[in-house]
Amino acid sequence: MSIYNDKFRRARKDYSPYLFHFMKGEDPSPMDTMYKILEELKLKSERGYICFTASPLTSIGRFFETNVNRTGQPMYLPYGIGFSRDIIVRDYGARNVIYYDDSEADLISKNLEWRSLRLNVDTFDFEYLREWRVKGTEFDFKGFPKEHIIIVA
């Protein structure tokens with residue numbers, strides 16, 4: 001990593017050197033889910049991508065207080081796993097989400113749909129999540145350096 005980038009990152013209070021994946025709010029047994037993830041060393045999704053947030057731990061308390069309208073449950077639970085941002089970007093292909101509005105929808109190519117999300121500041125705005133994604137239905141982190149993983153519970 002360049003000296004410039006390292007100095008900048010240390011100076012920024014809103015920067016996290018980790019990307020975090022948290023349990024969904026409707027998970028009835030988040031500890032069991034966490035144990036399963038740690039046993040299998042895999043994150044799974046049926047969407048075709050695995051979601052992460054680049055928000056630092058010191059700034060995410062509200063994530064766990066925000067309820068989803070359709071379920072009444074919190075969007076996320078304070079159980080998750082963080083991975084070194086640099087490693088997950090460089091070696092596992094994590095990419096930040098591209099936000100687009102209705103006028104730009106036709107500009108998003110098929111091969112970028114997995115990392116794209118519609119944005120409507122009045123009704124559908126999740127930009128505050130600072131979302132990153134890894135493409136695929138499974139993120140196998142068996143080879144991820146253990147010293148660069150953080151468990152949040």
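## Starting at Asp27

Where is Asp27 found? Look in the loop that links strand E1 (18–24) to helix H2 (30–40). Keep in mind that this is a predicted model.

Asp27 is buried, yet it has no salt bridge. Lys24 is the nearest side chain of opposite charge, and that one sits 9.1 Å away. What Asp27 does have is a side-chain polar contact of 2.6 Å with Thr33. Leaving out residues up to four places away in sequence, Asp27 touches Thr33 and Leu77.

Now for the greasy part. In soluble globular proteins, nonpolar side chains tend to be buried together. The largest nonpolar core here has 21 residues, and the members that touch the most others are Leu43, Phe52, Phe83, Ile88, Phe139, Phe141 and Phe144. At least two residues of this core come from each of E1, H2, strand E3 (49–53), strand E4 (76–84), helix H3 (85–92) and strand E8 (131–135).

Take Phe83 as an example: if you skip residues up to four places away in sequence, its contacts include Leu43, Phe52, Ile88, Phe139, Phe141 and Phe144, along with Pro17 and His148. There is also a second, separate core of eight residues, with Tyr18, Phe20, Phe22 and Ile60 among them.

## Strand E8 and its partners

E8 is mostly covered, with four of its five residues buried. On one pairing, E8 runs antiparallel to E3 over five bridges. Strand E5 (residues 95–96) also pairs with E8 in the antiparallel sense, through two bridges.

Which residue of E8 is the bridge partner of Cys51? That would be Arg133. Arg133 is the bridge partner of Arg95 as well.

Definitions and conventions. Residues are numbered from 1 along each chain as its sequence is written. This is a predicted model: local features need pLDDT of at least 70, side-chain atom pairs count only at pLDDT 80 or more; totals for chains, interfaces and linings use all residues. Side-chain values use heavy atoms; hydrogens and water are left out. Buried means under 20% relative accessible area, exposed over 50%, partly exposed in between (1.4 Å probe, protein chains only). Lys and Arg count as positive and Asp and Glu as negative; His and the chain ends are not counted. A salt bridge is a side-chain nitrogen of Lys or Arg within 4 Å of a carboxyl oxygen of Asp or Glu. A polar contact is a pair of N or O atoms within 3.5 Å; within protein, one must be able to donate a hydrogen and the other to accept it, and residues adjacent in sequence count only if both atoms are side-chain atoms. Contact means heavy atoms within 4.5 Å. A nonpolar core is a set of buried Ala, Val, Leu, Ile, Met, Phe, Trp, Tyr and Cys residues joined through side-chain atoms within 4.5 Å. Two strands pair if DSSP finds at least two bridges between them.
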